[in-house]
Amino acid sequence: MRKLGWTWSGILYVVGCVLLAAGTPGSAADGEFTGSQVCGTCHAGIYASYRQTDMGRSMALPSDASQRAIVSDSGTVTSPKLNRSYSVFRKDGALYQSEYELDSSGHEVFRDTQKLEYAMGSGVNGITYLVRRGEYLFEAPLTYYTRIHKWGLSPGYETEDLGFSRPAPAACVSCHSGRSTADRNRRGLFGDPPFQELAIGCENCHGPGQSHVAERRSPKAASNKAGKTIVNPAKIDGWLADNICMNCHEGTATRVLQPGKEFSDFRPGRPLDETVAIFAPPLKPGATDVSPLLEHYTLMTLSKCFRASKGALHCVSCHDPHVQPRATAAASYYRQKCLQCHTAASCKLPPDARAAKQDDCAGCHMPKAGSVIPHSVLTDHRIVVTKDQPLPDEAFHRTTAALPDLVHINAIPGKPDRIAPLTLMRAYGELATTDPQFGRSYSAIVDELARTNPNDYQVLSALGWREFGVGTPESYEKAMTYLSRATEAGSVAPLDYEKLADLLRQSGRTAEAIEALKKGIGLSPYSQRLYKALALVYIGEKRYPEAMAAMEKELEVFPEDSLIRSLVVRAKAASQR
């Protein structure tokens with residue numbers, strides 16, 4: 001068996017990708033949902049106000065009037081770097097996007113047109129679209145950027161031609177929608193319908209409402225009491241209320257579902273850590289800043305306001321989720337929030353300088369900054385005195401003796417921090433993809449799980465990839481055994497099937513390699529690499545008709561694939577000689 005050229009960091013990258021999609025089925029829901037419209041029958045004013053907020057408009061149908069009022073019905077974008085062009089058009093009331101390529105003569109090489117099924121985003125910065133292919137949802141290549149009133153490439157599409165084949169991850173969609181039916185184990189797979197409620201709704205923050213509705217409709221209901229069947233974030237422990245916000249506003253740290261949990265399992269009023277554990281590497285000495293990209297909770301806790309309040313400051317101290325002031329009123333609105341703790345005399349600017357800034361406390365102390373997302377700005381929630389204010393000492397001392405190399409951001413206060421080994425394995429595996437220093441911790445937890453949980457498919461997958469990284473004939477044999485067991489135990493990760501097939505082929509077990517790839521394609525019908533791998537196996541076996549069929553199927557699913565298209569053209573030309 002020949003040695004394959006993979007580095008340890010490359011292995012960790014692959015393992016991280018595999019483990020991100022790993023997990024086991026979630027627990028049953030503890031209470032039934034009713035939908036926000038039912039809430040609105042009793043709370044009409046709050047419901048109407050909330051529907052005008054960014055959260056209340058987080059997802060919609062492209063045909064909605066609110067969408068048509070702010071989004072252009074047509075547009076064309078060209079990417080010389082990718083040699084791709086894109087167009088947007090509306091037909092019979094539906095919005096479509098096309099991706100196409102032109103040859104040197106201006107003739108179309110291919111065109112892939114998809115109907116846009118869902119509009120994701122409130123429109124503050126932009127709106128990204130989802131298309132539906134069978135039971136899967138994928139991101140569309142163009143986003144409408146409302147700040148510049150133009151169509152442009154969606155984030156991440158600037159350097160790679162992803163076409164209409166970038167799966168919509170459960171983690172992202174769960175925060176941009178009310179209630180999705182995403183399958184977290186198979187990226188992009190959703191139930192039918194994909195959403196039980198489109199935009200973020202009442203029950204995302206208050207919990208399932210059926211029991212509350214029944215209670216309030218009961219003849220015995222007390223008119224002035226909400227009862228104990230619904231969560232009011234303003235009346236529960238402040239840290240638990242922050243957990244509701246943290247579920248989506250602590251988004252770029254390493255987020256790992258706890259074993260047996262789904263994103264939909266989180267319930268307001270319960271610690272978020274029971275469902276999703278959030279980790280971050282500790283800040284290195286000398287660090288001067290923390291990215292404002294969705295790290296709102298962490299930044300708030302590093303603020304002088306939070307520390308001086310001894311934990312009394314919370315998200316809802318300044319934000320009423322039901323109300324969003326208009327841009328022209330935002331400065332005054334949030335200034336009143338500041339004056340709950342400060343006085344007008346707290347500001348040291350001269351009155352005329354302050355007036356020139358419209359007494360905009362947040363504008364000075366929570367400055368907006370650009371982000372990695374094109375044409376977007378985000379608010380820094382660290383509430384600085386000046387823009388160059390250094391991080392507090394607390395920012396560099398957030399680890400514990402039990403977990404010295406990671407910050408467990410949403411650890412439950414006052415309780416021993418017992419993190420499930422599977423959770424830690426997935427966290428270290430993800431972090432090691434960009435920071436090799438976590439490779440040792442990752443390897444150690446894999447060793448522990450190999451002893452305590454040796455039949456879990458996540459563990460078997462991790463063991464297989466680690467053995468593959470050793471790079472010896474003996475380790476390849478072990479890797480093949482581990483990956484075979486992982487796929488039999490329930491792994492649905494395409495990379496597991498691809499690497500297993502490669503190892504089987506190298507061992508001369510071609511028929512088994514083909515079956516592994518077919519099984520992988522059955523589980524992940526939109527995994528481009530599996531089709532290519534299958535075609536290559538057939539070519540290696542000189543089974544050219546089957547290779548051609550595999551390539552044509554791949555091109556049917558991924559028409560943007562220039563490499564496969566050229567191979568198909570060459571193969572057809574050769575067969576006609």
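Rings of Phe, Tyr and Trp (for Trp, its six-membered ring) are taken to pair if their centres lie within 6.5 Å, and planes under 30 degrees apart count as stacked, over 60 as edge-to-face and the rest as tilted. This is a predicted model, in which local features need pLDDT of at least 70 and side-chain atom pairs count only at pLDDT 80 or more, while totals for chains, interfaces and linings use all residues. Residues are numbered from 1 along each chain as its sequence is written, and side-chain values use heavy atoms, with hydrogens and water left out.

Searching the whole structure gives 13 aromatic pairs. Among them is that of Tyr 129 and Trp 151, whose ring centres are 5.6 Å apart and whose planes stand at 35 degrees, so the pair is tilted. Tyr 129 belongs to strand β6 (residues 126-133) and Trp 151 to strand β8 (residues 150-153), so this pair ties together parts that are 22 residues apart in sequence; helices (H or I, at least four residues) and strands (E, at least two) are DSSP runs, numbered from the N terminus. Tyr 129 is buried, with a relative accessible area of 1%, and Trp 151 is buried at 10%, where buried means under 20% relative accessible area, exposed over 50% and partly exposed in between (1.4 Å probe, protein chains only).

The rings of Trp 465 and Phe 468 have centres 6.0 Å apart and planes at 90 degrees, so this pair is edge-to-face. Both residues lie in helix α17 (residues 457-470), three residues apart, or about one turn of the helix. Trp 465 is buried, with a relative accessible area of 2%, and Phe 468 also counts as buried, at 2% relative accessibility. Elsewhere, ring pairs link Tyr 118, Phe 190 and Phe 195 into a cluster.

Turning to the strands, three of them form an open antiparallel sheet in the order β12-β13-β16, where two strands pair if DSSP finds at least two bridges between them. Its edge strands, each pairing on one side only, are β12 (254-257) and β16 (407-408). Four bridges join β12 to strand β13 (residues 276-280) in the antiparallel sense, and Arg 255 has Ile 278 in β13 as its bridge partner. Helix α15 (residues 421-431) packs on the sheet and touches β12 and β13, its direction making about 145 degrees with that of β12. Contact here means heavy atoms within 4.5 Å, and axes are lines fitted to C-alpha atoms, for helices over the stretch in contact, with angles running from 0 to 180 degrees between N-to-C directions.
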